[in-house]
Amino acid sequence: MKKYDTIFLDRDGTLNRDPGYINHLKDFSFFDFTFQALRKLSDNRFCIVTNQSGVSRGIIALPALENIHQYVRNSFKDNGLNLLSIYVCTDHPDKATHRRKPNIGMFEEAAKEQKINLGNSVMIGDSIADMKVAQALGMDGILVKTGNGLKTEAHYKNEDFPTAVVSDLKEAADWILVRESK
Ligand SMILES: [Mg+2]
C-alpha cells in the first residue's frame, strides 16, 4: 500500500465551477460531486494551490478572496477533511514570480511549512500549469476534464504525462484509491 503524503488540489475548474475571476462568495460554487469525492480520501491530507491573478488585475479584492477561502476551509472541516493550507499566488502573468504556477514556489513553501514529501505527492488540476508544476517536482499529476481540462488534454496528447486523465474529481478520487491500495 502506497499512500500519498499529500494531495495537492487546484481550485477553479477542479473543486468548483470556473466562470473566471470569482470575486464574490455568491459566485463561488463547488461541483456537486466535490465533497462526495474528497470524503473517499479522508485518510489523506490536502493542500490547495491556486493562481488568482484577478487580484493584481484589480478584479478581485483581497477581503473577498479571504472570505471565499474561509468558506472553503469551513467546507473541508465540515466534511472531516484535513486541509493543511490554501496557498494563493496573486501575481499578474506579465510579472509572475517564482510562486505562480507552473513555477514551483508555492509548493516549496508548502513542503517546508507542512513537512511534505513532494516526490510522494500528487497534484489534481485542470490546467497545463498544474500538470507542468507536478511534472517539474516529480509528483504524480492527475488531469481532470472539468474546467480547462479538455484543452489541457489536447495539449498533452501523445505524452507520458499526466499520470492519469480522468473526467472529474470523482474519478480522480477513485483512481487514487486504487493506486493507494496497491
Ligand atoms: Mg484550474
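**View 1. Strand 5 is covered on both faces.** Asp140, Ile142 and Val144 are buried on one side, Gly141 and Leu143 on the other. Five of the five residues of strand 5 (residues 140-144) are buried. Buried means 20 or more other C-beta atoms within 10 Å of a residue's own; exposed means 12 or fewer, partly exposed in between, with C-beta atoms placed from the backbone. Helices (H or I, at least four residues) and strands (E, at least two) are DSSP runs, numbered from the N terminus. The model is predicted: local features need pLDDT of at least 70, side-chain atom pairs count only at pLDDT 80 or more, and totals for chains, interfaces and linings use all residues. Residues are numbered from 1 along each chain as its sequence is written.

**View 2. Strand 4 pairs with strand 5.** Strand 4 (residues 122-125) and strand 5 run parallel, joined by four bridges. Pairing requires at least two DSSP bridges between two strands. Glycine 125 faces leucine 143 of strand 5. Helix 4 (residues 128-136) lies on the path from strand 4 to strand 5, a right-handed β-α-β crossover. Right-handed means that, with the strands pointing away from the viewer, the path from the first strand over the helix to the second runs clockwise.

**View 3. Strand 5 also pairs with strand 6.** Three bridges link strand 5 to strand 6 (residues 164-166), in the parallel sense. Isoleucine 142 has alanine 164 of strand 6 as its bridge partner. The chain passes from strand 5 through helix 5 (residues 149-155) to strand 6, and this β-α-β crossover is right-handed.
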